Amino acid sequence: MEQMPILTYAIIAITAITSYMGFNNPALKGRLLFYPFEIKRQGQWDRFLGHGFIHADMTHLIFNMITFLSFGTLVERYFKAIFGELMGAIHFLILYFLGMILASIFSYFKHKDNRSYAALGASGAVSAVLFTGIILDPGMMFIFPPIPAILFGPLYLAYSLYMARKGRDNIGHDAHFFGAIFGIIYSIAIKPDLFIHFINSVKNMIG
């Protein structure tokens, strides 16, 4: 019987609940925002994680969680299959939460003296899982639009780059890019054979 990806479902549930609470509670949302200016001056380091549990609006939340559901189930099951239940779970949680933290470091140093900058969303963590999923199965079809993961990933980053340059919202678009890098590096670091597996999978897709 295929194992249920309980960690993926739990993260989605907690994120959805917290995000919904944030929609209706500006004080909660403000406290969890990734706000480099306050992190530096008040030592509020918990914001490196807190911002991943709130989103700008329902569209932002749904997009991130559908992406995470699509690839998180794949990655969690794969990790548990090759590393065992406990270590697989640990690797999955490290991938998600360390991805969330590391994806925000660039923005922290870039904006630590910028009083007006703040960001939110699970973008970095989701991107780390997404690109790990691409390494595992580049031909996997994304839910919507129905395109292969290896094509969806670059489109996801292109959209993020475009939105980051516009700079008109407080979504952490830069985090998508750095989360992707972390996801690729981490997955190959814990199982180097994945690089060869990825290359062979792409060759088979090309024909």
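Biologist: What should the 26 residues of helix α5 span, and how far apart are its end C-alpha atoms?

Modeller: At 1.5 Å a residue (times one less than the number of residues), residues 58-83 should span 38 Å. The end C-alpha atoms are 35 Å apart, which agrees. Helices here are DSSP runs of H or I, at least four residues. This is a predicted model: local features need pLDDT of at least 70, side-chain atom pairs 80 or more, while totals for chains, interfaces and linings use all residues. Numbering starts from 1 along each chain, and side-chain values use heavy atoms, without hydrogens or water.

Biologist: Where is the kink in α5 centred?

Modeller: On Gly72, with about 30 degrees. That is the angle between axes fitted to the seven residues ending there and the seven starting there.

Biologist: What caps the N-terminal end of α5?

Modeller: Asp57 does: its side-chain oxygen lies 3.2 Å from the backbone nitrogen of Thr59. Just after α5, Gly84 has a positive phi of about 95 degrees.

Biologist: Why are α5 and α6 called oblique to each other?

Modeller: Their axes cross at roughly 140 degrees and come within 7 Å. Under 35 degrees is roughly parallel, over 145 roughly antiparallel, 65 to 115 roughly perpendicular, and the rest oblique. α5 and α6 are therefore oblique.

Biologist: Which residues of α5 and α6 meet?

Modeller: Contact means heavy atoms within 4.5 Å. Among those that meet are Phe68, Gly72 and Phe79 in α5, and Gly88, Phe92 and Tyr96 in α6.

Biologist: At what angle do α1 and α6 pack?

Modeller: About 35 degrees, with axes 11 Å apart. Leu7, Thr8, Ile11 and Thr15 in α1 meet α6 residues including Phe92 and Tyr96.

Technical notes. Helix = DSSP H or I, 4+ residues; strand = E, 2+ residues; numbered from the N terminus. Polar contact = N/O pair within 3.5 Å; in protein donor to acceptor, adjacent residues only side chain to side chain. Axes fitted to C-alpha atoms, helices over the stretch in contact; angles between N-to-C directions.
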